[in-house]
Amino acid sequence: MRLDLEQTEFAAAVRAFAQEQIRPVIGDYYERGEFPADLVRELGKLGVFGVTLPEEYGGSGMGLFMLGLALEEIARVDASVAVTVEASVTLGAEGLARYGTEEQRRRWLPRLAAGEGLCAFALTEPGGGTDAGHTDTKARLEDGEWVIDGAKCFITNAGTAMTDLIVATAQTGPGEISCIAVEPGTPGLEIGPEYSKVGWRASDTRPVYFDGCRVPEANLIGQRGRGFVQFLELLDSGRVAIAALATGSAQGCVDEALAHAKEREAFGRPIGENQSIAFMLADMKLRAHTSRLTWQDAALKADAGEPFGADAALAKLHASQAAVDNARDATQIFGGYGFMNETPVARAWRDCKILEIGEGTNEVQRMVIARSMGL
Amino acid sequence: MNIVVLVKQVPDSGLARQLDDQLRVDRNGANNVMGELDEYAVEAALQLKEAHGGEVTVLTLGPSQATETVRKTLAMGADKALHIEDDAVGGSDALATSKILAAALGRLEWDLVIAGAESTDSGMGIMPQMLAARTGVPALTGARKIDTDGTAITVEHQRANGYDVLTASLPAIVSVWDTINTPRYPSLKGIMAAKRKPVETLALSDLGVDAAEVGPSGANNEVLSAAERPPRTAGQIVTDEGQGGTALAEFLAAEKFI
Ligand SMILES: Cc1cc2nc3c(=O)[nH]c(=O)nc-3n(C[C@H](O)[C@@H](O)[C@H](O)COP(=O)(O)OP(=O)(O)OC[C@H]3O[C@@H](n4cnc5c(N)ncnc54)[C@H](O)[C@@H]3O)c2cc1C
Ligand SMILES: Cc1cc2nc3c(=O)[nH]c(=O)nc-3n(C[C@H](O)[C@H](O)[C@H](O)COP(=O)(O)OP(=O)(O)OC[C@H]3O[C@@H](n4cnc5c(N)ncnc54)[C@H](O)[C@@H]3O)c2cc1C
C-alpha cells in the first residue's frame with residue numbers, strides 16, 4: 001500500500017530509532033531479562049505512544065494505521081519493545097481516551113501519550129484468559145471506594161519503574177464486569193515478580209494480586225457493568241496492532257536471513273544461491289507482504305469508522321502465523337548460529353509463539369472469522 | 001538569538017557512492033540523506049534556541065530532492081527554511097558554493113551560523129571559513145562544545161589529543177563535529193508541524209548571483225580524472241635485528257615522507 005509523506009517520514013524516523021538505538025543494545029537486556037526503561041522513554045519522545053490519543057491530552061489524534069507503521073518498524077528489530085508500546089496504548093491508554101471521564105484523561109493521558117508513563121491492562125486470571133467474560137476478581141463499593149480482591153496473571157507492563165496505572169477487569173455484581181484503575185503503591189495491590197519467559201524477555205510481565213485493595217469510586221473507567229463490552233471493542237484495535245507487530249517480526253526475519261544468505265558461503269558459494277534457500281526466502285517475503293496487507297486493510301477500515309472485527313481477526317491470525325513460519329525458516333537459514341541467543345533471529349524464534357496466543361488465541365480468531373461467515 | 005544552520009543533502013555515506021560521467025557526485029542514483037554532520041549542527045542550533053529563544057532557519061543549496069532533507073530539519077524543530085535551487089548551480093566548486101551561500105546569508109537575519117565541520121560527500125571542510133571571509137565574521141571551527149551568553153560565543157575546538165578554547169563576539173560562524181551532542185529523531189508531532197512551516201525557494205537571480213560565476217563555467221578548478229581508492233596491499237614487516245631504525249628511516253625517505 002502506498003504511504004503518504006507523513007506516514008513515510010514517521011515510519012522512517014521510527015525505523016532509524018529502532019536500527020540505531022534499539023538494535024545494538026536490546027540483546028543484552030533480553031539476555032538479562034531486564035526492562036529497558038531508558039530506551040522506552042527515548043522512544044516515547046518520537047511520539048509513538050501518543051499516535052492515536054487525542055491532541056488535547058498530548059497525543060497526535062491519528063489513526064491505527066499510523067500506529068501500526070510504528071509497531072511494525074519497532075518489531076522488525078525487537079518485539080519486546082514493540083509489545084511494551086502496544087500493551088500500554090491499545091488496551092490501556094485507548095480505553096481511558098474512549099471511556100474515561102475528563103478528569104481521568106487529564107490525570108493520566110499526558111504522561112502515557114508522551115511515553116513517560118506506562119499503562120497495564122489486567123484481564124487474564126489464573127483461572128483463564130480465553131473465556132474473558134469469566135472473572136473471579138471482585139470489586140465492591142464501600143464508603144465511596146472500590147474494594148478489590150482477586151488475582152491476575154501474565155500482565156504486561158505491570159511492574160516497570162514507569163508504570164503509572166493498572167486497569168483491571170473485575171466483577172462488580174452478578175454477571176457485571178467493570179474496569180477499574182489502580183495506581184502502583186496503592187495498599188492492597190501486590191505486584192508479583194517477573195515471570196521467567198521463553199520470549200519477549202525485555203518486556204515486563206507479572207502476576208498482580210488484589211487483597212482488600214481500595215481505590216476511589218471515581219477510578220471506575222467507563223460505565224459500571226460495561227467493562228466486558230468496552231474490552232471487546234478495544235480488543236479489535238489491539239488485534240490489528242498485534243498483527244502489525246507480527247508483520248514486523250516476519251519482516252525482520254526476512255531482513256536478517258536475506259543478508260545472511262548472501263554472505264554465508266558453503267561449498268564455495270553463498271548459500272542463497274541454492275534454490276531451496278532462495279525459495280524459502282521468497283516464501284518468507286510473501287508472508288511478510290501478505291501480513292502487511294491484512295493489517296493495513298483492517299487498520300484502514302478501522303480509521304474509516306467501518307466495522308473491522310473480522311478483518312482484525314484475519315490480520316492477527318495470518319500475521320502471527322507468518323511470524324512463526326518466518327522465524328522457523330530464518331533460524332534454518334542461519335543454521336547453528338540461528339540456535340545461538342546472540343543471533344537476532346533466535347530472538348524472533350523465541351518471541352513469535354506468543355503472537356498466536358496473546359490478544360485472543362488463534363482459536364479465538366478462527367471463531368470470530370467463522371462467526372462472521374455465518375457459522 | 002537567531003541561528004542559521006547550513007544543511008546539505010548528500011548520498012548516504014554508509015553505502016557505495018559513485019561519480020557520474022561528468023565526474024560529479026551521482027545524486028540521482030543515490031540514497032540521499034541529510035549530511036551526517038549536519039544533523040549535529042541542527043541539534044546544536046535547536047538546543048541553543050531552547051536555552052536562549054529566537055529562531056532557527058535552515059539554509060540549503062541543492063537540487064529539488066533536497067526538500068526531503070529540509071523537511072527533516074523542520075520535523076526536528078527548525079522554524080523555517082531557505083532552499084536555493086537552480087540548475088545552473090550543478091558543478092559548482094567550493095568557492096562558487098560559498099558565493100551563493102554568502103548571498104543567501106545576506107538575506108537572512110542571524111547572530112550565529114552553525115554548520116557541520118565538513119560535508120560527508122565531498123568532505124572539504126572549507127565552507128565555514130570561506131563564508132566567514134565573505135561575511136566578515138569570525139569562524140570557530142570543529143567545535144565539540146558551544147557556550148554563548150547571546151553576545152559572545154565560546155567553543156571547544158576539537159583536536160586529536162585535546163581541545164582549544166576559542167572565543168569571539170557574535171555574529172559568528174561555528175562548525176561542529178559529531179562529538180557535540182546526540183541529534184534528536186523527528187517526532188510525529190514534529191513531522192505534522194513541518195507541513196505548516198515556511199520554506200522559501202529561491203533561484204540564483206533572486207540572490208543577485210550571476211549564473212556564469214558558478215557551475216562549471218565559474219569553477220576555479222576542473223576535475224580531470226578520478227579513480228577508486230586502490231585496495232589495501234599487504235604491508236612490509238620489518239623485524240628488528242639491530243637495523244630496524246635504519247630500515248624505517250629508509251622506507252620513509254623512499255616514500256618522501258622525510
Ligand atoms: C576527486 C575530486 C576532488 C575535488 N577537489 C576539489 C577541491 O580541491 N576544491 C574544490 O573547490 N572542489 C573540488 N572538487 C569539486 C569540484 O571542484 C566540483 O566542481 C565538483 O565536482 C562539483 O561538485 P559535485 O560533484 O558535488 O557536483 P554537484 O552535484 O553539481 O554539486 C555541487 C553543489 O551544487 C549543488 N547543486 C546541484 N544541483 C543543484 C540545483 N539544481 N540547485 C541547487 N543546487 C544544486 C549541490 O547540492 C552541491 O552543493 C573535487 C571533486 C572531485 C571529484
Ligand atoms: C507474555 C504474555 C503477556 C500477556 N499480557 C497480558 C496482558 O497484558 N493482559 C492480560 O489480560 N493478559 C495478558 N496475557 C494473557 C493472554 O492474553 C492469555 O494467555 C491468553 O488470552 C490465553 O489465555 P490462557 O492463558 O488462560 O489460556 P486458556 O484460556 O486456558 O486457553 C488454553 C487453550 O485452550 C484454547 N481454548 C480455550 N477455549 C476454547 C474454545 N472455546 N474453543 C477452542 N479452543 C479453546 C485456547 O485457544 C488455548 O489454545 C499475556 C500472556 C503472555 C504469555
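Predicted model: local features only at pLDDT ≥ 70, side-chain atom pairs only at ≥ 80, totals over all residues.
Chain B has 258 residues, of which 38% count as buried. Its secondary structure consists of eight helices and eleven strands. The C-alpha trace of chain B extends over about 70 × 45 × 40 Å along the principal axes. Among the contacts in chain B with a separation of 6 or more, 69% are between residues 24 or more positions apart.

Chains A and B meet through eleven residues of chain A and nine residues of chain B. On the chain A side, these residues comprise six nonpolar, two polar and three charged.

Within chain A, helix α1 (residues 5–32) packs with helix α3 (residues 64–77). Two packed helices are described by the angle between their axes and the distance between the axes. For α1(A) and α3(A), the angle is about 25° and the axes lie 9 Å apart. Angles under 35 degrees count as roughly parallel, and α1(A) and α3(A) are therefore roughly parallel to each other. Their crossing is right-handed. The contact involves A:Q7, A:F10, A:A11, A:V14, A:R15, A:A18, A:Q19, A:I22 and A:R23 on the α1(A) side. On the α3(A) side, the residues are A:M66, A:L69, A:A70, A:E73, A:I74, A:R76 and A:V77. By class, the residues of this helix contact are ten nonpolar, two polar and four charged.

Ligand 1 has 26 residues around it, and those that come nearest are B:R24, B:G62, B:V89, B:D93 and B:A94. The shell around ligand 1 contains twelve nonpolar, seven polar and seven charged residues.

Ligand 2 is surrounded by 21 residues, the closest being A:L123, A:T124, A:G129, A:T130 and A:T361. Three elements of chain A, namely β1 (118–122), β3 (145–156) and α10 (362–372), each contribute at least two residues to the shell around ligand 2. This shell is made up of eleven nonpolar, eight polar and two charged residues.

Conventions: Residues numbered from 1 in each chain as written. Chains lettered and ligands numbered in written order. Contact = placed C-beta atoms within 7 Å. Nonpolar A, V, L, I, M, F, W, Y, C, P; charged D, E, K, R; others polar. Near = placed C-beta within 6 Å. Helix = DSSP H or I, 4+ residues; strand = E, 2+ residues; numbered from the N terminus. Axes fitted to C-alpha atoms, helices over the stretch in contact; angles between N-to-C directions. Parallel < 35°, antiparallel > 145°, perpendicular 65-115°, else oblique. Left-handed = near helix turned anticlockwise from the far one by under 90°. Buried ≥ 20, exposed ≤ 12 C-beta atoms within 10 Å, placed from the backbone.
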